[in-house]
Amino acid sequence: MQLLDGKLLSENIKAELAAEVEALRGRGGKTPHLAAVLVGENPASQVYVSSKIKSCEQVGFKSSLIQRPASTSEQELLDVVRQLNEDPDVDGFIVQLPLPSHINEEKITLAIDHRKDVDGFHPVNFGRMAQGLPAFLPATPFGIVEMLRRYNIETAGKHCVVVGRSNIVGTPISILLSRKGYPGDCTVTLTHSRTQNLPAEVRRADIVVAAIGIPQFIKGDWIKEGTVVIDVGINRFPDTTKKSGYRLVGDVDFEAVAPKCSHITPVPGGVGLMTVTALLMNTLKACKKEIYP
Ligand code: NAD
């Protein structure tokens, strides 16, 4: 069994990004600039946003954090989005989800200029991705395909079972892995909460992508020998031995599943770090106008 080391990969990719930023600057080019909008005080969102900002610093990007209180109205947030759309120095930006319940997330996502949508959530980017056109790929699926590519994991003709059909993970990764080319050409089964006999479906997989949001949901006896397991889940699990009172666990029962795998991502240290790195890769593409010349 080989661990798919998201930490090591992210460090390698960040070193490549930093070198590209240097080269861009050397040619008199612009410094990539990512802005992040954080509304309210959701502790998990605060952690995610600060890790994105820190990663920008590591690779020499410029970053801006725009913080607004939870009482911000939908119109006020739409105004922030409009300003970022119009700011020529900002190459890409994200509005951290979830938003307070009085704000319509769909309306905010639609208001983002798709040419600056480095989270890849705008329907224009989603549609282009589905058609195999250049697009900002959603960060988590982009991180996963990059991980498969860099570990040279064979995908053509493999049966991939995706568990979970969210718009940000399950559905887009099922599209990407079924697309022509590498990493792709998989036969994909997309499963969800209404799937019948889920263990039997997962047992047929050569590659499993777990994105459910339930700690240790995928059990050891659901996995056949030699499977590649990508665990997207990030769940807080009560642990009195930790100062915080919890530890992070994935959607896969790692102890039971890992011995049967050919490859598996750890949690933490797997897909989560690749997600942040994929956001940086998208921001560089935005700065270089690679997707939308
Ligand atoms: P979501 O809640 O939007 O979707 C969960 C999906 O799981 C749904 O499609 C649902 O049908 C399916 N599901 C729920 N119960 C099920 C059951 N009993 N059997 C089969 N399917 C079931 O979740 P999401 O946003 O895709 O996130 C999933 C997990 O991934 C969470 O733990 C989240 O924290 C984590 N996540 C991690 C990253 C990362 O960077 N690593 C990014 C996004 C999400």
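This is a predicted model: local features need pLDDT of at least 70, side-chain atom pairs count only at pLDDT 80 or more; totals for chains, interfaces and linings use all residues.
Helices (H or I, at least four residues) and strands (E, at least two) are taken here as DSSP runs, numbered from the N terminus. Residues are numbered from 1 along each chain as its sequence is written.

The chain is divided into domain 1 (28-112) and domain 2 (139-273), with bounds that come from an automatic or database domain assignment. The centres of the two domains, taken over C-alpha atoms, are separated by 28 Å.

Two strands are said to pair if DSSP finds at least two bridges between them. Strands β2 and β3 are joined in the parallel sense over 7 bridges, and L38 has Q67 of β3 as its bridge partner. Contact means heavy atoms within 4.5 Å.

The bridge partner of A36 in β4 is I94. In a regular strand the side chains alternate between the two faces of the sheet. In strand β4 (residues 92-95), G92 and I94 point one way and F93 and V95 the other way, and all are buried. Buried means under 20% relative accessible area, exposed means over 50%, and partly exposed lies in between (1.4 Å probe, protein chains only).

Strand β3 also contains S63. This residue has a relative accessible area of 24% and is therefore partly exposed. Not counting residues up to four places away in sequence, S63 touches H33, L34, I53 and C56. S63 and V90 are 27 residues apart in sequence, and their C-alpha atoms are 8.7 Å apart in space.

Helix α2 also meets helix α1. Helix α1 (residues 6-26) and helix α2 (residues 43-59) pack at an angle of about 55 degrees, with their axes 8 Å apart. The two helices α1 and α2 are therefore oblique to each other. On this scale, angles under 35 degrees count as roughly parallel, over 145 as roughly antiparallel, 65 to 115 as roughly perpendicular and the rest as oblique. The contact involves K14, L17, A18 and V21 of α1 together with S55, Q58 and V59 of α2. These residues divide into 4 nonpolar, 2 polar and 1 charged. Ala, Val, Leu, Ile, Met, Phe, Trp, Tyr, Cys and Pro count as nonpolar, Asp, Glu, Lys and Arg as charged, and the others, Gly among them, as polar.

A second open sheet is formed by 6 strands in the order β1-β11-β8-β7-β5-β6, with parallel pairing. Its edge strands are β1 (2-3) and β6 (187-191), each of which pairs on one side only. Strand β1 runs parallel to strand β11 (residues 261-264), and 2 bridges join them. The bridge partner of L3 in β11 is I264. Helix α7 (residues 170-178) packs on this sheet, where α7 touches β5 (159-163), β6 and β7 (207-210), and its direction makes about 170 degrees with that of β6.

In α7, 8 of the 9 residues are buried, so the helix is largely enclosed by the rest of the structure. The buried residues of α7 pack against α5, α6 (139-150), β5, β6 and β7. The axes of α5 and α7 come within 9 Å and cross at roughly 30 degrees, which makes α5 roughly parallel to α7. In this contact, F126, M129 and A130 of α5 meet T171, P172, I175 and L176 of α7. The residues divide into 6 nonpolar, 1 polar and no charged.

N125 is placed in helix α5 (residues 123-130). N125 counts as buried because its relative accessibility is 0%. Leaving aside neighbours within four places in sequence, N125 is in contact with H114, D117, G120, A135, F136 and Y292.

Terms used. Side-chain values use heavy atoms; hydrogens and water are left out. Axes are lines fitted to C-alpha atoms, for helices over the stretch in contact, and angles run from 0 to 180 degrees between N-to-C directions.
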